[in-house]
Amino acid sequence: MATTYSSLLDYDQSVYFNASQYEANKAAYNNEHAVNGITNWTASSVDAVFRSVGLTPLQHYEKYGAFENVNPSDLFNTSSYYSSKATQLSETTGSAWTSTQVESVFQQSGIDPISHYALYGVFEDVFPTTTFASDKVTYTSADHIAASNDNRVDSLVTTTAWLFEQPTSWNWNDLASTQNNTLYYMFPTSATTVESQGFSATNLSQFTGFNQNQKTGTQEALTELSKITGISFVETTDASLANIYMFGSDIGKDLAGLADAGSQQYKITVAVNSTSSTTTDLRAGSGDHELIEHELGHALDMKHPFQGSVQLPKDQDTSNYTVMSYTTPSETWYSASSSVYGPYDIAALQYMYGTDGLGGNQGFVKVS
Ligand SMILES: [Zn+2]
């Protein structure tokens, strides 16, 4: 991997840090804590203080705001990041870590959460939480996800219909009442298994079951998605129970992958092109990991940012911002193997599902 950390860091800071949002958040913090005995702080009075002490807003965040739990933008929640890192440390070290302990280690080490994410978190599946995860939106009948009116989200969320704007009458959040927070996935070993679940035989020619490097890469991407959304993905060999079926088939020479809904509700296929040699390894770090992230993004209701009524501006329609783009970034450190879900993917996924998955207190929740 040809990653140079400084360019990755510059990039992540530019995406996850927004000076005007930070100054507004810092003003709210100052008012809440009556900093300097004042409770009428504004973004511009905060800005004036930064200037008077010779710090840019980003330098202020790195030095102070990160340890006051002020958010650097609406794409990055500082205190949630400490909490995610504490969870990851508790899981990997076997001893219990608290957010406060993580925060104080960061502070002593002189590293702020955005820099930590760019340098380490992306490789540890410690993903940031956005402010989009804080809202619970209820709906009553099977329906599509309503628009957020934020272009970064709506360009990736199929708000008017499911995948590629084909109408269907369901979304995964409907399943919370029957499957709790679980989506079942399967690596079928025969085309007839998939066909029996309502999928067209014409999409199943040259069927091949996934090899181990394809399975591993898929499971790595599912782990990322689980860390971002809180959805639990469980492997099954029961075809009638499965929601997502993954395999290779001849999907046409121009396509590397294809996600498709069949005739039954709550079932989709994710196929990679079995006639292409580049799809035989999907592992992070060595294979075409971005391909499986992209197709699983579709599987979770994301669309391409260059199609549909809401699209991303050209300069943001790259894999730096979203794996749903077709445009490879020009930066030399970029590689499809080292791909992780981008900031806009995280925003869109957390808008739909929150960080607590199907049902729960965030994202779209069906009520009967
Ligand atoms: Zn696609």
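Me: How many helices and strands does the secondary structure of the protein chain come to?
Reply: This is a predicted model, in which local features need pLDDT of at least 70, side-chain atom pairs count only at pLDDT 80 or more, and totals for chains, interfaces and linings use all residues. Residues are numbered from 1 along each chain as its sequence is written. Helices (H or I, at least four residues) and strands (E, at least two) are DSSP runs, numbered from the N terminus. On that basis the protein chain has 13 helices and 7 strands.

Me: Why is the protein chain as compact as a globular protein of that length?
Reply: The globule rule is 2.2 Å times the number of residues to the power 0.38, and the radius of gyration is taken over C-alpha atoms. For 368 residues the rule gives 21 Å, so the chain is as compact as a globular protein of that length, its radius of gyration being close to this at 21 Å.

Me: What share of the residues of the protein chain counts as buried?
Reply: A residue is buried if 20 or more other C-beta atoms lie within 10 Å of its own, exposed if 12 or fewer, and partly exposed in between, with C-beta atoms placed from the backbone. Of the 368 residues, the buried share is 43%.

Me: Which residue in strand 6 stands opposite D260?
Reply: Strand 5 and strand 6 (residues 268-273) run antiparallel and are joined by 5 bridges. Opposite D260 stands T269.

Terms used
Two strands pair if DSSP finds at least two bridges between them.
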